[in-house]
Amino acid sequence: MLTIDNLHQAYGGSHILRGLSFEVKTGEVTTLLGRNGVGKTTLLKSLMGLVRTKQGSINFDGKDITHLPPHQRVKAGIGYVPQGREIFPRLTVEENLLMGLATMPGSTAIPQRIFDMFPVLKQMMHRRGGDLSGGQQQQLAIGRALAMGPKLLILDEPTEGIQPSIIKDIERAIRMLAATGEMAILLVEQYYDFARSLADQYIVMERGEIIARGAGADMDRDGVRERLAV
């Protein structure tokens, strides 16, 4: 579904991403791990077109999207849950979810499966997003990205600042989405146990480069946890 080939990114004189190449397959969770500052969020901004690609190519669903603007990438079927959630705090839960349908016809309803995965959103439809807890806001951000039925779901550190009970709900939702075989999932995460529990494939970054990759089932044996230690 997603193929990155020899991707380079730089800010000013700083070379942030250095020749990244990998694939994200439909029906699988590809987990990207690395310490703070290794370039993970810069990679996601490149994938979404929020920063211009310096060198290399990004192919999505068989098409070159390297130079497409962000809204066209979303329309093509990429759902993005940014780090820090970035919901609209003054809009209601319902209005936030409807924002996820911006690329769809005006009569499109919010998919029921969002409420099946996160029942609390149904209960709080008319509450403002800013009044929700951090965990509930994360569920809302994921629901907003899922509203238009993406072919690729990108999640940037969804467990950050979230209480353990909500982490379990998010883990269950991601596993359910992968099991449908309808989408590819790219999960960027620092919480090792969460990443290991979901990963079909893993990638480890350091200083803008991929230093390890393999099957999710081999993460313990491959010493991935030790690579993430400060």
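**Briefing: sheet pairing and chain-level figures**

Strand 4 and strand 5 (residues 63-64) pair in the antiparallel sense over 2 bridges; two strands count as paired if DSSP finds at least two bridges between them. Strands are DSSP runs of E with at least two residues, helices are runs of H or I with at least four residues, and both are numbered from the N terminus. This is a predicted model, in which local features need pLDDT of at least 70 and side-chain atom pairs count only at pLDDT 80 or more, whereas totals for chains, interfaces and linings use all residues. Residues are numbered from 1 along each chain as its sequence is written, and side-chain values use heavy atoms, with hydrogens and water left out.

- Strands of a sheet pair through backbone hydrogen bonds, either parallel or antiparallel.
- The order 2-1-4-5 describes an open sheet of 4 strands with antiparallel pairing.
- Strand 2 (14-24) and strand 5 stand at the edges with a single partner strand each, so one side of each is left without a neighbour in the sheet.
- Strand 1 and strand 2 are joined in the antiparallel sense over 7 bridges, and Leu2 has Val24 in strand 2 as its bridge partner.
- Strand 1 (residues 2-11) also pairs with strand 4 (residues 55-60), again antiparallel, over 5 bridges; here Asp5 stands opposite Ser57 in strand 4.

- Asn6, which lies in strand 1, has a phi near 50°, a positive value in a residue other than glycine.
- Asn6 is partly exposed, with a relative accessible area of 32%; buried means under 20%, exposed over 50% and partly exposed in between, with a 1.4 Å probe and protein chains only.
- Glu157 also has a positive phi, of about 50°, although it is not a glycine.
- The loop between strand 7 (152-156) and helix 7 (164-179) holds Glu157, which is buried at a relative accessible area of 6%.

- Thr31 belongs to strand 3 (residues 29-33) and is buried, with a relative accessible area of 0%.
- Leaving aside neighbours within four places in sequence, Thr31 is in contact (heavy atoms within 4.5 Å) with Leu187, Ala195, Ala199, Gln201, Tyr202 and Ile203.

**The chain as a whole**

- The chain comprises 9 helices and 10 strands.
- With 230 residues, a compact globule would have a radius of gyration near 17 Å, and the chain agrees with its 17 Å; the radius is taken over C-alpha atoms, and the globule rule is 2.2 Å times the number of residues to the power 0.38.
- Along the principal axes, the C-alpha atoms fill a box of roughly 45 × 35 × 35 Å.
- Of the 230 residues, 50% count as buried.
- Among contacts in the chain with a separation of 6 or more, 70% are between residues 24 or more positions apart.
- The accessible surface comes to about 10700 Å², of which 48% belongs to carbon and sulfur atoms; areas come from the Shrake-Rupley method with a 1.4 Å probe, and for residues only the protein chains shown count as cover.

**Charged side chains**

- There are 27 positive and 25 negative side chains, and the centres of the two sets lie 4 Å apart.
- Lys and Arg count as positive and Asp and Glu as negative, while His and the chain ends are not counted; the place of a charge is NZ of Lys, CZ of Arg, CG of Asp or CD of Glu.
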